[in-house]
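Dear colleague,

Please find below the structure I promised to hand over, followed by some notes on what I found in it.

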Amino acid sequence: MKLNLITQKFTKLFPGDLSGNTMQRQTPDVMFCAVKPADFINTELIDFNTDLSVEIGLGNLESDQAFLAAQDLPDNVETYATAYAGHQFGNWAGQLGDGRAIYAGEIQNGNRQTEIQWKGSGATPYSRNADGRAVLRSSIREYLMSEAMFHLGIPTTRALSLSKTGEDVIRDIQYSGNPQKEQGAVVVRTAESFLRFGHFELLSARKQEDLLKELADYAIENFFPEVQSENNSTKYIDWFQAICDRTLKMIIDWYRVGFVHGVMNTDNMSVLGLTIDYGPYSMMDGYDLEFTPNTTDLPGRRYAFGKQGQISHWNLATLANAIFPLINDAEVLEKILDDFGKQFWVKHDKMLADKFGFDGVLKEDEKFFTEWQQTMQDLTLDYTLFFQHLEKPASEIKVEDFKDCFYGVLNETELKKLSTFIEKYQARKLQNKISESESLELMSKTNPKFILRNYLLFEAIQDAENGNYEMFFKLKKALENPYENLFPEFNKKRPSKYDNQTGSSQLSCSS
């Protein structure tokens, strides 16, 4: 155990409130508040990620269950919560901050720094009239999905452990006026940094330009090795470009696997381009550009699957506004944002080409991709299973192969539409300059065989709430090998009984 190696670099560099007062309030002159986690009497460790713990330099902490539940902390672990702001559903929300997250600090392992925090360990000044707790339901969702994204090869925060707190937490899962007792839980999560767009928005809104510069320099020095410029006139420009590049990669990966975040507020956007804050997310079942798993996002569907590229662009524009005092060049920021919009479609089409097994993108592929998208949308075909059925020699593909992709009974016209598209795909595949085996290998690396569907999580959560973790651990095993079909029983479309199930197809921000 190496808990003595945990430090708090952030609190030594930036102004903070060290009073320990957890009263929820505005904290205008500080960037963090010292806080202590809540006391939990009867904690229980559910799972511990040994490989991750060793990798980041903590060693095997499984025996230190108290630390994993934020209890009996050593003197060197000086806990705190940070202040940030953000735009929520397009509207300025002002000061927000770590309402359910409390930092332990960071650990250095060689050249790698990793921040460690508990989610659900108690109230902070930023809890906004809430209790700072998390429930088992939402904690399982974050624990499993963050690891699933990692194994899919998508930039993400990661989960170190999952513990029950032994206390009941009151939650209204659908905000319907029907609160219920739920089991409390704590997740230890890690990231190179949890810095968000909102950290910079807060300092900009407060016109604290000296602190804004200091925070940007801190981010560049510690987390952006690709930014080499020493000249202030170019350093911050290169930094913003790097943020845009990382964000673009993340969003394209979301589209590749069908991930829908559900609540892409600027306070939920990582400046490091990591998927962060797993709440009302979902892997997409039937293809639908307007799909949003978040009931809070209805009816506007601001954060729907098909809008995630557009929203990431909007969020980057708000960040550009926040860091403008460091750059003072609207034209260069507008050019970077404009290039992001153009590069999005270039990268998006290349991603689709990989999914289809094409060796590149041809001029006429734009029309092909548009027709594919319309076919998927009109027929509501399962996104993941559809590409799995393409993963065979093109000449062998038949309409009958796709029956398990249908979320309804297709009529003759619809079946003909699918057949016509398959014929066009087969013709397009003939234009490849790589072999069929090379094409199939490309597809197998791009298209997952296992995705962590919400109905599977729903079943695992129901069992776990009754003390049965068999499904939880089976899903954990499956998500570690997402490009192999090791668990065929999970590689199926969503059963119809879950079509309108709260906690499966319908989620809220409390999820």
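Leaving aside neighbours within four places in sequence, D267 is in contact (heavy atoms within 4.5 Å) with Y84, A85, G86, H87, Q88, L96, R196 and D277. This is a predicted model, in which local features need pLDDT of at least 70 and side-chain atom pairs count only at pLDDT 80 or more, while totals for chains, interfaces and linings use all residues. Residues are numbered from 1 along each chain as its sequence is written, and side-chain values use heavy atoms, with hydrogens and water left out.

An unreviewed UniProt entry places the feature "active site" at D267; such annotations may be inferred rather than shown by experiment. D267 sits in the loop between strand 12 (259–260) and strand 13 (282–283), strands being DSSP runs of E with at least two residues and helices runs of H or I with at least four, numbered from the N terminus. D267 counts as buried because its relative accessibility is 5%, where buried means under 20% relative accessible area and exposed over 50%, with a 1.4 Å probe and protein chains only.

The second topic is helix 12. The buried residues of helix 12 are L418, F421, I422, Y425, R428 and K429. Seen down the axis of helix 12, these fall within an arc of 120° and so line one face of the helix, the arc being that of the directions from the helix axis to the C-beta atoms. They pack against helix 9 (330–356), helix 10 (365–379), helix 11 (383–390) and helix 13 (436–446), whereas E412, T413 and K416 are exposed on the other side of helix 12.

With kind regards
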